[in-house]
Amino acid sequence: MSSTHRIHAGVWALAVTAFAIGVAEFIVVGVLPAIAQDLHVSLAQAGSLVGTYALALAIGTPIVVLGLARLPRKPLLMALVTTFLFGNLLSAFSTGYHMLLLGRIITAIAHGSFFAIGATVAARLAAPGAASRAISVMFAGLTLAMVIGVPLGSLMGNGLGWRLPFFGVAVLAAIALVATARWVPTLPTQKAASAFVQLSALKQPTILAMMSITVLGFGASFAAFTFITPILTGISGFSVHTASMLLVVFGIATLVGNMAGGRWAASLGWPTALRRMLPALMAVFVLLAFSLSNKLAVVPLLFIWGVLAFGMSPGFQAGMLETASRWAPRAVDFASALNISAFNLGITLGEILGSGLVAQNKMAMTPWVGMLLVLLAQIPLLWLTRKHNQRN
């Protein structure tokens with residue numbers, strides 16, 4: 001039997017929801033200038049729609065997962081998809097910046113909780129030894145959104161109004177709800193540990209180290225990626241239409257990277273996979289910093305950037321699940337939620353640092369921030385790898 005056949009139908013259903021979530025999270029990047037103009041806010045303030053979304057997700061996800069730990073997984077996933085749908089409708093109908101921000105916050109909390117719980121469900125549905133691949137399939141929905149959903153939404157939003165993509169995401173959420181109901185099985189409810197036991201995971205240095213790897217390694221890309229459209233148009237000299245097409249290039253790269261990253265994490269082990277990809281990503285940021293004004297160089301670098309940045313995602317999440325299973329076995333769901341928070345704390349960190357440079361008219365320096373964050377991520381990775389090796 002091929003490895004593809006070992007992927008449970010329920011995992012593909014989770015990927016459908018991840019696709020809708022991916023479009024919702026990153027669509028703002030493609031229409032950021034349009035939102036800023038329509039709502040009469042600065043580009044830097046509009047950029048906070050990305051950072052605040054990620055921050056709300058980071059704070060809300062562990063709280064929701066902790067509070068709902070004893071509920072059956074399937075009904076909980078369906079409730080989260082419904083909440084996600086409502087948040088996108090609120091965003092679509094928003095009449096001002098703060099109403100849009102509220103819609104984004106509601107969407108973010110549902111998003112993070114779905115991914116935290118969905119990752120553990122995907123791992124439970126996977127064949128023995130295939131958890132990394134199952135997680136990568138789920139995350140593939142997120143990256144596929146960047147190939148199809150975000151560029152298409154960008155074209156629609158810039159041509160027909162930025163609200164239209166949010167209505168589109170609401171339709172996707174409705175489809176995802178049906179897919180979840182149909183394909184995700186009813187799993188036996190696992191006995192949840194007390195809140196005190198789960199919160200004790202926060203005292204584990206290994207859990208905190210894995211979170212810091214995710215924050216720094218994943219967040220490194222978002223100093224520049226948050227402002228990728230104005231970078232491509234204002235620095236590289238591409239038209240808005242071409243910039244939208246280049247988001248397709250980046251999106252294809254994230255899909256390729258995510259699927260390859262799942263295989264690398266499964267075959268090499270997540271520590272080795274991350275130790276190889278992080279230095280490569282650092283080199284890409286250095287090359288980008290020197291090449292943003294060179295159209296011929298930007299396109300291939302954009303592709304390699306996407307492959308590496310999102311190729312690490314399965315490794316980050318598989319690393320947390322393995323770390324939690326060793327050092328916090330009664331709080332695996334909560335640890336998964338903490339790592340989903342870490343992904344988005346990274347996005348927030350990258351956006352804040354990027355916005356600071358943009359506010360000072362130094363947008364071209366954003367790749368250097370990414371390079372520095374990737375460099376820092378390798379310190380806790382080396383320490384955690386040593387701890388895992390000692391435990392084996």
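**Fold, core and cavities of a helical chain**

In the protein chain, 86% of the contacts with a separation of 6 or more join residues 24 or more positions apart, a contact being heavy atoms within 4.5 Å. The model is predicted: local features need pLDDT of at least 70 and side-chain atom pairs count only at pLDDT 80 or more, while totals for chains, interfaces and linings use all residues. Residues are numbered from 1 along each chain as its sequence is written, and side-chain values use heavy atoms, with hydrogens and water left out.

The protein chain has 16 helices and zero strands; these are DSSP runs numbered from the N terminus, helices being H or I of at least four residues and strands E of at least two. The C-alpha trace spans about 55 × 45 × 45 Å along its principal axes. Of the 392 residues, 59% count as buried, that is, under 20% relative accessible area with a 1.4 Å probe, protein chains only.

The largest nonpolar core has 131 residues, of which F114, F115, F225 and W305 touch the most other members. Such a core is a set of buried Ala, Val, Leu, Ile, Met, Phe, Trp, Tyr and Cys residues joined through side-chain atoms within 4.5 Å. Helix α1 gives the most to this core, with 19 residues. Leaving aside residues up to four places away in sequence, W305 touches S221, A224, F225, I228, F250, L281, V284, F285 and L288.

Where is space left inside? The whole structure holds two cavities of 30 Å³ or more. A cavity is a set of points on a 1 Å grid over the protein atoms alone where a 1.4 Å probe fits but cannot get out, and lining residues have an atom within 4 Å of a point. Grid points are joined across faces, edges and corners, and a volume is the space filled by probe spheres set on the points.

The largest cavity has a volume of about 110 Å³. Its lining includes E25, H111, F115 and N344. Helix α15 supplies the largest share, four residues. By class, the lining has eight nonpolar, three polar and one charged.

The second largest cavity holds about 40 Å³ of space, and W305 is one of its lining residues, as are A224, I228 and L288. Helices α10 (228–234) and α13 (295–311) each supply at least two lining residues. This lining has 10 nonpolar, no polar and no charged residues. Nonpolar here covers Ala, Val, Leu, Ile, Met, Phe, Trp, Tyr, Cys and Pro; Asp, Glu, Lys and Arg are charged, and the others, Gly among them, polar.

Conventions. 1 Å grid on protein atoms, 1.4 Å probe; cavity = no way out; pocket = protein on both sides within 12 Å on 5 of 7 lines; lining within 4 Å. Buried < 20%, exposed > 50% of the residue type's maximum accessible area, 1.4 Å probe, protein only.
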